[in-house]
Amino acid sequence: MKVLVAGAGLGGLCLAHGLLRAGVDVRVLEREDGPDSRYQGFRIALNAHGLAALHACLPERLHALLAAVSGPLAGERRVVDQELRELRRLGGVDEGTATDRYVLRRLLLAGLGDRVEFGRPVTGYTERADGTVEAHLGDGGRAVGDLLVGADGVGSAVRRQLLPDARVVTLPGNAVLGRTPLTERSAALVPGYGTVVHGTDVHGDRASMLLGRMEFRRPPRLAAAELAPDVRLPDTGSYLRWVVMPSESLPAGPRPWETVRAELLALLDGWHPDLVDLVRAADVVNSSPLTVRYAEPVPHWAGRRRVTLLGDAIHPMPPSGGQGANTALRDAALLARTLTAVQRGTAELPAAVEQYEQRMLEYGFAAVADSLERLPDFTPAR
Ligand SMILES: Cc1cc2nc3c(=O)[nH]c(=O)nc-3n(C[C@H](O)[C@H](O)[C@H](O)COP(=O)(O)OP(=O)(O)OC[C@H]3O[C@@H](n4cnc5c(N)ncnc54)[C@H](O)[C@@H]3O)c2cc1C
């Protein structure tokens, strides 16, 4: 069996490992020119589903490295005001571990070699009469397989063709994602799982900021050199991740970080100096404007089951639940397990894909609903 995966994100790469473990031939087609061509280093909170999926799919020799480049994630989630006075607590979270998306993605690329093809965007597909599927590539090329998996994220080209009526909604307002090197002073802002700041911006409108700590147990590059020397991980230090949630007061669209920083500093004028300093000292490469999107539920579709979807390509959700990556990884592990049965001859491909889709749609859209329900905790009431 030959599987084509559109998208070398967290879900697509995890699937590729799971399939390789089962002896399935897999090709991953990625739009970007290389693994470093776009900013993507933000903290990801991995829960039991995400961790179980990674352990099921990644080769065992990489498990120790994954643990070494993760960090603690437990304790209370606090809500404070812009002067850092505690307003309330959202309850404790004890399970899970923190990791960085960029580090995790580099780790997931380990051992895949030229099975991952960069600079090859999937623009569409054709289901062929012989039961195979042909992916169309932006460079004019074609790739043929028994199954095409759209793991191409929230703007998925595969979803656009498979489910043209599926709706992805953008939250009103514009957000900013930032990252600031961790110091003793900034670490004190997040004593537990996370801290939410509810305040008022300079226009008198409500504003909020989410803070999360990414403290690597061991520096990723050193950990890789010791535990898996063939794996190249970035030379990145611990940091505090912050998100200014969607605000009507922030302009839209891409612009230089210096402009975004100046806008934020003006907006949060008068906030506690420790919060203002996070913006002032933010790391230019790893901070940017952010759009928050989620999908409306879709019913299970009819079709020949030569094309399917996983992760943000089908069920993107706001980061409020900390579940997007975890659900993408869970999809990857479930699909890998399902396709392993096909590879072994104990299941038929269309029925196996259908079964995967039924389960994935159920828990995937439950996670979207849960993330939307939690959104008010992260945005001050109007
Ligand atoms: C600020 C922030 C914090 C977050 N925190 C958490 C958290 O704590 N926990 C959590 O679980 N989730 C979190 N998430 C969500 C998480 O990052 C995503 O849900 C997750 O990355 C989705 O994985 P994916 O593999 O489906 O898609 P992605 O990781 O987005 O990967 C998609 C890949 O497809 C590629 N691609 C796109 N179009 C094409 C194409 N046409 N052809 C080929 N390739 C294409 C892209 O370049 C990309 O490499 C957070 C998100 C944000 C923004």
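What radius of gyration would a compact globule with 382 residues have, and what does the protein chain have? After that, please take me to the ligand: which of the residues that surround the ligand are the closest?

Analyst: Happy to. This is a predicted model, so local features are given at pLDDT of at least 70 and side-chain atom pairs at pLDDT 80 or more, while totals for chains, interfaces and linings use all residues. Residues are numbered from 1 along each chain as its sequence is written, and side-chain values use heavy atoms, with hydrogens and water left out.

Your opening question comes first. A compact globule with 382 residues would have a radius of gyration near 21 Å, and the protein chain agrees because its value is 21 Å. That radius is taken over C-alpha atoms, and the globule rule is 2.2 Å times the number of residues to the power 0.38. Along the principal axes, the C-alpha trace spans about 65 × 50 × 40 Å. The chain holds eleven helices and 19 strands, which are DSSP runs numbered from the N terminus (H or I, at least four residues, for helices; E, at least two, for strands). Of the 382 residues, 56% are buried, meaning under 20% relative accessible area, with exposed meaning over 50% and partly exposed in between (1.4 Å probe, protein chains only). Among contacts (heavy atoms within 4.5 Å) with a separation of 6 or more, 74% join residues 24 or more positions apart. The accessible surface is about 15,900 Å², and carbon and sulfur atoms hold 50% of that.

Now to the ligand. It is surrounded by 32 residues, the closest being G11, E30, A45, R101 and A325; a residue counts here if one of its heavy atoms lies within 4 Å of the ligand. By type, the shell has 15 nonpolar, nine polar and eight charged residues. Four elements each supply at least two residues of the shell: α1 (10-21), β3 (43-46), α4 (101-109) and α10 (324-343). The largest share, four residues, comes from α10.

A backbone N or O atom of A45 is 2.8 Å from a ligand oxygen, and a polar backbone atom of R31 is 3.1 Å from a ligand nitrogen. G324 also takes part, with a polar backbone atom 3.3 Å from an oxygen of the ligand. Taken alone, the ligand exposes 1,000 Å², and the protein buries 91% of that; these areas come from the Shrake-Rupley method with a 1.4 Å probe, and for residues only the protein chains shown count as cover.

At the start of the helix, a side-chain oxygen of D100 comes within 3.0 Å of the backbone nitrogen of Y102. Just after the helix, G111 takes a positive phi of about 80°.

T132 sits in the loop between β8 (122-127) and β9, and it counts as buried because its relative accessibility is 14%. Its side chain makes a polar contact of 2.6 Å with that of D130. A polar contact is a pair of N or O atoms within 3.5 Å; within protein, one must be able to donate a hydrogen and the other to accept it, and residues adjacent in sequence count only if both atoms are side-chain atoms. In strand β9 itself lies E134, which is buried because its relative accessibility is 15%. The E134 side chain has polar contacts with the side chains of R142 at 3.1 Å and R128 at 3.4 Å. Beyond four places in sequence, T132 is in contact with T126, E127, V144, G145 and D146, while E134 touches residues including G124, Y125 and A143.

P299 lies in the loop between β18 (293-295) and β19 (307-309). At 66% relative accessibility, P299 counts as exposed. Its C-alpha is 9.7 Å from that of E362, although 63 residues separate P299 and E362 in sequence.

Key
Ala, Val, Leu, Ile, Met, Phe, Trp, Tyr, Cys and Pro count as nonpolar, Asp, Glu, Lys and Arg as charged, and the others, Gly among them, as polar.
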